[in-house]
Amino acid sequence: GTITNAQESGASGILVSTSNTSGQARDITGSITDSGTIKLPGPSSTSTLLGSSVLNAGILVSGGGVFHGSISRAAGSTLTMSGNSSNGIWIASALDGSITNAGSMTISGNGSTGILATAAISGSVINSGTIAAPGQLSVGIYAGGGVGAFRLLRVYAREIARAGAGVVACVLAELCAAIGVIEAGDNHQTILVRLKRLHDRHELE
């Protein structure tokens, strides 16, 4: 099926809230499986929000509780969205499970991210699909909330070939720091190459 949300800002295709209507934390058990199409067009070309951070999300998990379950996007699924500071999958609440992306994501807009985790994830983040984040300062995958395991198979960002262009295909803050991938003076292309070599040697599994 197809999910479309034409709201220009604060829009989501699928929302899981781990807080109730009174703002109290609650745990939710379930799973999210996307095998269709999600479309969030974002601000129109004449909108006053065109240059603003709109924080749209294709799949959003947020709140004060824990979501017990996994998020899976099947091969053939498509997610297309626009708007600055938008995210394909955004984990803003603790996730007791894994994220698997085998589909395609295109997130247009500066400062956007394909998969963004700002809360802890107990399982893995696995990408075997395609993530296109062509905007300035955009990121393919960012996990800063703690991830149990990480496997990068394919991440695409159009401008990564431009050293120092401000686009990083994958930044995994805790892991990159632990294995010394990011060093002073590294440009974004160097970081991606190092991650790819680590994956090929099965050190990034």
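Which residue stands opposite Trp90 in β10? Leu60 takes that place. The model is predicted; local features need pLDDT of at least 70, side-chain atom pairs count only at pLDDT 80 or more, and totals for chains, interfaces and linings use all residues. Residues are numbered from 1 along each chain as its sequence is written, and side-chain values use heavy atoms, with hydrogens and water left out.

Strand β10 (residues 87–91) pairs with β6 in the parallel sense over four bridges. Strands are DSSP runs (E, at least two residues), numbered from the N terminus; pairing requires at least two DSSP bridges between two strands. Strand β2 (residues 12–17) also runs parallel to β6, joined by five bridges. Ser12 has Ala57 as its bridge partner in β6. Five of the six residues of β6 (residues 57–62) are buried, so the strand is largely enclosed by the rest of the structure. Buried means under 20% relative accessible area (1.4 Å probe, protein chains only).

The largest nonpolar core holds 25 residues. Such a core is a set of buried Ala, Val, Leu, Ile, Met, Phe, Trp, Tyr and Cys residues joined through side-chain atoms within 4.5 Å. Ile71, Ile89, Ile91, Ile99 and Ile115 touch the most other members. Beyond four places in sequence, the contacts of Ile99 include Ile121, Ser124, Val125 and Ile126 (heavy atoms within 4.5 Å).

One salt bridge is present (a side-chain nitrogen of Lys or Arg within 4 Å of a carboxyl oxygen of Asp or Glu). Arg73 and Asp34 form it, at 3.0 Å from N to O. The pair links strand β8 (residues 71–73) to strand β4 (residues 32–34), 39 residues apart. Arg73 is buried at 1% relative accessible area. Asp34 is buried at 6%.

Technical notes
Buried < 20%, exposed > 50% of the residue type's maximum accessible area, 1.4 Å probe, protein only.
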